[in-house]
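Colleague: Please show me the model, and then let us go through it one question at a time.

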Amino acid sequence: MTDETLLEIGPVSKSFGEAPVLREVSLTVRKGEFMTLLGPSGCGKTTTLRIIAGFESPDSGRVRLAGADVTDLPPYERDVHTVFQHYALFPHLDVAGNIAFGMRMDKVPPPEIARRIPEALAMVKLSGFEKRRVSSLSGGQMQRVALARAIAGKPSLLLLDEPLGALDLKLRKEMQLELKRLHRRLGFAFVYVTHDQEEAMTMSDRIAVFNKGRIEQIGAPSEIYEAPRTSFVADFIGGANVFSAKVLPGAEGRAHLLIEDEVEVDVPLDPGESLPAPGRRVKVGIRPERVRVYYKDELPFGALRLDATIADSIFLGDACQIYLRFLKSAPDKLLTALAGGDRYTMHDDLGVPAIAAIQPDDVYILEEDA
Amino acid sequence: MRKGRGLKLYCAALYAFLYAPLAVMTVFSFNRAHRNVVWLGFSLKWYGVLFHDAEMMRAALTTLELAVSASAISGALGLLAAYALVRHKPFPGRGVYATLLDVPLMIPEVALGVGLLSFLVRMGYELNFGALACAHALICLPYAVGAVRARLQSSGGERLEEAAMDLGADEWTAFRKVTLPLAMPAVVSGALLAFTISFGDFVTSFFLSGIGVTTLPVKIYSMMKFGVTPEINALSVLLLAATFVLLGVNALFASNPGESSVRA
């Protein structure tokens, strides 16, 4: 991966009728980068992809590809290919005909096309499928053919619109790894749209988290996971606990917070992080896997102790999700803890008293949502 | 068990109701007698008479040419109209335009015939083969549009055209390489339907047939003035047979979407 910019969009706005879909979205993708646009449905990620591909034109803002302004170019004049969510394979052509389509349009010489078809099929592990009819393929195979068709023309940028959405879980996991492997081998940039945060985490170099037509945060998966900037990102990535808190006067380099008007905690600030003014209300987040649950008094050193009762628990196989009731004033606001399956033995424990332990280090302060 | 038998009887009666007249007509076309009343034995002579009737042959040729022209015109126009209806961005009144294309199906053909006749006469057009072909195309158009429209709606063509454009095809190429091949079976099927409709049309042909342009149905009608002869029976059986053949071909097209393999 180089630092050279391949795609630059922004600040792009787009409305369908009265409804704004994108509000000043800016994004750059480097050469060879795997960039994921992540967000719930209706957040604008697919519209962004369609603007990059040329199927939609932005109301304002430009799209630059490899240094050239392509905003007003039709899709067929952009060096970009798309893997569509519903495959969009041509049913009147066989597999080879589908893969050859783009290369024929690009006037690639026939011997070269004939050479590249088996090559593309081998890359998606479908060698020997040249003469198969599209209608005879399974969903997973169709998706591989769609992928082969898009990469055979060697575009500088590959767009993928929730390509694994229609596949079952096992196949999806397999394809995630294969896509990542393929991305490394091919060397061209991928822009990948998904609403599945786990998928985004698994594959991406960087993730752009979309919400309501805006990008809330762009960063490496670890960055987004460890240091979410807004409560939306914190909640969307891994379902963090988000509570409201009031800033109290405190020591230098630390934030003294009153969470939900009940629990006081002294949170160390990161270097460079500014302390919100005392009296202001902020949001704080904590990851479920950072919340420890104990049944007897054996708190780790320095931990904040919350007396709680168990409201619910879900067995997940490799782990267990425990919902804790810890607020006297707001018993419906639950704290979610994620415990390793080995550490937590399931028993009928609804209403059982427990102790939740939180390290102040693990509490992070979030910006207001955009 | 009794219930089952009742249902079978009902079905038998229904199909008899539908097909008995045709069966009787077919049987009597092989009758040696000059009248349809008594059966005097099997004979093909009426078919012979038919094929040696020069006027009859000319009418058959006219009917055929007319059906070919009407199906070609309505097939081509139907494809374009259906494409526009399915693909055009929604605009106020789009539904009205779509309905207006179907309305000729519901208009009594007599009214249509009268309208066409007075229009052509007023505009000073000659009632010739061309005028009749256009009139037939008009009657057939809704069928052609309907067949192609259903196909375009179900084949997800817009997505496929987008995919083609994504892969470097301009609008016209995408239409030619993707939409057209996918719509073709429906175009052919619509054209075949148009063919049978034009082939059997009486009312419009009757109103608009000028001098020297006589179609088979019109010819049959003029012969009927002298009573139903076995020759008419024979002719009707041939028309019936032709229709069944066309329906068969149509069914073949409908079941096979015409996917063609492409050499790499």
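This is a predicted model: local features need pLDDT of at least 70, side-chain atom pairs count only at pLDDT 80 or more; totals for chains, interfaces and linings use all residues.

Modeller: Residues are numbered from 1 along each chain as its sequence is written, and chains are lettered from A and ligands numbered from 1 in the order in which they are written.

Colleague: How many Å separate the centres of domain 1 and domain 2 of chain A?

Modeller: Domain 1 of chain A covers 5–230 and domain 2 covers 235–366; such bounds come from an automatic or database domain assignment. Eight residues of domain 1 of chain A are in contact with seven of domain 2, where contact means C-beta atoms, placed from the backbone, within 7 Å. Taken over C-alpha atoms, the separation of the two centres is 38 Å.

Colleague: Which strands are at the edges of the open sheet of four strands in chain A?

Modeller: Strands (E, at least two residues) and helices (H or I, at least four) are DSSP runs, numbered from the N terminus. Two strands pair if DSSP finds at least two bridges between them. The order in this sheet is β2-β1-β4-β5 of chain A, with antiparallel pairing. An edge strand pairs on one side only, and here the edges are β2 (19–30) and β5 (68–69) of chain A.

Colleague: Which elements are included in what covers the buried residues of α3(A)?

Modeller: A residue is buried if 20 or more other C-beta atoms lie within 10 Å of its own, exposed if 12 or fewer, and partly exposed in between, with C-beta atoms placed from the backbone. In α3(A), the buried residues are A:I113, A:R116, A:I117, A:A120 and A:L121. An α-helix has 3.6 residues a turn, so residues three or four places apart point the same way. The cover includes, in chain A, α2 and α4 (139–152).

Colleague: Which element gives the most to the side of chain A that touches chain B?

Modeller: Between the chains, 29 residues of chain A are in contact with 19 residues of chain B. Elements giving two or more residues to the chain A side are β6 (80–83), α2 (95–105) and α3 (110–123) of chain A. With six residues, the one that gives the most is α2(A).

Definitions and conventions:
Two residues are in contact if their C-beta atoms, placed from the backbone, lie within 7 Å.
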